[in-house]
Amino acid sequence: MSIKLVLNLIVLAAHLLVAFATPVDTRADQELVQTPAGLFPKSNVHAVPTGARVHQSSTEVQIIGSNGTVLHSVPITGSKAPGAPFRRPTNASTDRRRELSSGYVGYAYWENFGSSPISFFATSWTVPPVPSNVDGQLLYWFNALVPDSDDAILQPVLQFGFSPAGGGAYYGVASWYLLNSNIYHTGLVQVGPGQGLAGYMTLTSVALSGSTSTYTWSSTFVDIPATTLSITTTEELTLAYEALEIYNAETSADLPPGSTEFSQINIVTQDQENPSITWTALSDPADGISMSVVSSSSINGALQLFDTKASDWMYLTFVTKFALLAAPLLAAVASPIEVAADQDLVSTPAGLFPKANVHAIPEGGKVQQTPDSVQIIGANGTVIHSVPKSSSKTQGLPLQKPGNSTVSRRALQSGYVAYAYWRNPGPSPLSFFATSWFVPPTPATYDGQLLYWFNGLVPDSFDAILQPVLQFGFSPAGGGPFYAIASWYLINNNVYHTGITQVEPGQGLAGYMTLEGTSTSGGVTTYSWSSTFVGFPATTLTTTTTENLNWAYEALEIYTTQQTSDLPAGSTQFSWINLVTQNNQNPTLSWTTVSDPADGISMSVISSSSISGALSITY
């Protein structure tokens with residue numbers, strides 16, 4: 001079988017994966033997603049890995065990795081950002097929203113007309129209570145800076161609901177940046193009701209070349225470093241905003257009760273002055289949502305958002321209808337997930353799955369299996385997502401029970417091209433599985449391929465897999481033409497993953513899966529597992545399951561790979577393989593290997609030791 005046949009078999013996911021390979025096209029027929037900057041084609045939304053930055057040159061906008069390499073680039077267009085909600089306001093006499101499509105329902109703005117540019121903008125607020133009704137709404141609160149052209153916005157954002165950055169029925173924070181037609185965001189960090197937030201935007205430097213000034217900004221939430229986004233722009237950010245933006249809110253119960261105060265507002269110009277501010281506030285009285293000025297001080301100012309809980313929510317219903325293009329994505333968290341044949345499939349390390357079935361686990365969260373459901377439990381112990389436990393065979397799971405090693409691939413659609421497996425036959429369950437390997441060289445060509453390397457554990461039912469995963473390319477967890485790591489867990493028809501962390505070619509990795517404990521109740525044993533990469537705590541995923549994970553796998557999985565130059569050169573060795581059972585024994589291993597000789601990809605056994613074993617993938 002050729003690699004091109006694999007490409008044909010997974011064409012359902014191809015449009016997602018090629019987004020990073022070519023300049024972004026904002027065609028009207030693309031699916032729109034709801035960002036804090038408005039409605040945009042999903043292919044125009046890019047996750048910025050930790051330590052990376054967004055850089056604007058005279059001709060393009062780039063994501064620059066922590067090592068200085070260009071991870072993504074799009075040309076600068078002279079046209080207005082097509083989804084940008086920011087149109088220059090005229091006055092505050094209107095009682096309607098500026099842009100129905102944007103969902104801005106309560107906001108205030110001020111423009112700096114002085115000769116010294118804004119250099120600092122801080123706002124504090126408290127995470128509101130959880131809305132009494134959760135049915136797929138997406139809510140954004142932020143302070144922001146915008147240039148005169150209105151084609152960009154920098155914003156530290158609090159969200160409730162599921163956005164292109166991830167999320168669910170809980171609060172999370174991230175920084176976002178819009179420029180022209182492309183959106184950039186950091187990873188999402190979960191926060192809890194009542195938690196204090198401080199969104200800071202700081203002008204860190206200004207460089208003059210010829211007649212062009214380049215402004216370097218950072219956006220962050222104080223003490224939450226994962227939300228830090230650094231950008232450069234050739235435009236001065238002159239307009240300051242405080243805003244509430246909503247999507248898919250149908251009743252007043254979809255919003256938090258009471259009010260939210262944007263307080264300790266501090267604006268400083270580059271000459272170290274606090275300017276005189278006159279806020280212009282716009283409200284939505286038809287829906288009972290108001291923005292009012294408490295204090296116009298630029299040292300300790302305050303604005304208040306208030307929901308009067310008016311009964312007439314027809315306006316919000318209109319927003320909901322307008323946002324129907326993105327509704328399937330946003331409703332996924334609010335209701336039990338249904339696997340419909342017409343859903344868009346995405347390529348996960350566990351195979352092809354409807355995108356609505358893929359869930360990001362916030363840092364500190366865990367996946368818990370009960371007798372009748374699978375839940376995401378937040379760091380504070382609350383249930384933030386739940387789906388019924390299914391008794392049916394997992395749809396999309398590539399792991400069918402192997403028969404013998406004479407077949408080329410088990411499941412072409414899964415992209416498994418080289419792998420090895422071993423089943424633990426003993427009475428004592430596996431309690432530890434470690435594998436070390438080096439991040440391979442960067443492939444010579446990048447044209448949208450998605451590559452996964454991992455060790456994994458699977459139960460006899462083959463309806464689950466736990467796996468610390470190295471990826472190259474763009475996956476449902478994020479990414480691009482660079483390497484990154486995360487932990488993933490599949491159970492039934494749902495896939496869960498941590499955030500991704502960028503890694504570099506030649507960097508050593510150690511993927512560990514550890515049985516943290518077992519408990520028995522009513523004859524049912526519950527196993528508590530963790531998956532992580534050593535030294536990368538953000539990749540730690542904790543899960544409970546009632547199934548014994550007794551199959552061990554080492555694998556290479558590929559998607560949309562068109563030629564051998566889409567793979568790394570040489571070979572990758574899974575080394576220091578260590579398996580331990582619960583009785584502290586190292587079992588005797590006999591790996592069964594499966595290769596793809598037609599495409600020149602092979603898996604071979606170097607050592608079957610369960611203390612320091614090794615397998616090799618040759619490309």
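Me: Leaving aside neighbours within four places in sequence, which residues is T233 in contact with?

Reply: Contact means heavy atoms within 4.5 Å. On that basis T233 is in contact with Q56, Y177, S213, T214, Y215 and W217, its neighbours within four places in sequence being left aside. This is a predicted model, in which local features need pLDDT of at least 70 and side-chain atom pairs count only at pLDDT 80 or more, while totals for chains, interfaces and linings use all residues. Residues are numbered from 1 along each chain as its sequence is written, and side-chain values use heavy atoms, with hydrogens and water left out.

Me: Where does T233 lie, and is T233 buried or exposed?

Reply: Strands (E, at least two residues) and helices (H or I, at least four) are DSSP runs numbered from the N terminus. T233 belongs to strand 16, residues 224-233. Buried means under 20% relative accessible area, exposed over 50%, and partly exposed in between, with a 1.4 Å probe and protein chains only. T233 counts as buried because its relative accessibility is 0%. The side chain of T233 also reaches the backbone nitrogen of E235 at 3.1 Å.

Me: Which residues does S290 touch, not counting those up to four places away in sequence?

Reply: S290, in strand 20 (residues 289-295), touches S283, Q304, L305 and F306. S290 has 25% relative accessibility and so counts as partly exposed.

Me: How many salt bridges does the structure hold?

Reply: Side chains of opposite charge can pair when their charged atoms come close. A salt bridge is a side-chain nitrogen of Lys or Arg within 4 Å of a carboxyl oxygen of Asp or Glu. The structure holds one: R423 pairs with D460, their closest N and O atoms being 2.8 Å apart. This pair links distant parts of the chain, 37 residues apart, with R423 in strand 28 (residues 416-423) and D460 in the loop between strand 30 (450-459) and strand 31 (464-475). R423 is partly exposed at 35%, and D460 is partly exposed at 32%.

Me: What is the phi of Q272, and what is that of N584?

Reply: Most residues other than glycine have a negative phi. Q272 has a positive phi of about 65°, and the phi of N584 is near 65°. Q272 lies in the loop between strand 18 (259-269) and strand 19 (280-282), and is exposed at 63% relative accessibility. N584 lies in the loop between strand 39 (571-581) and strand 40 (592-594), and is exposed at 65%.

Conventions. A polar contact is a pair of N or O atoms within 3.5 Å; within protein, one must be able to donate a hydrogen and the other to accept it, and residues adjacent in sequence count only if both atoms are side-chain atoms.
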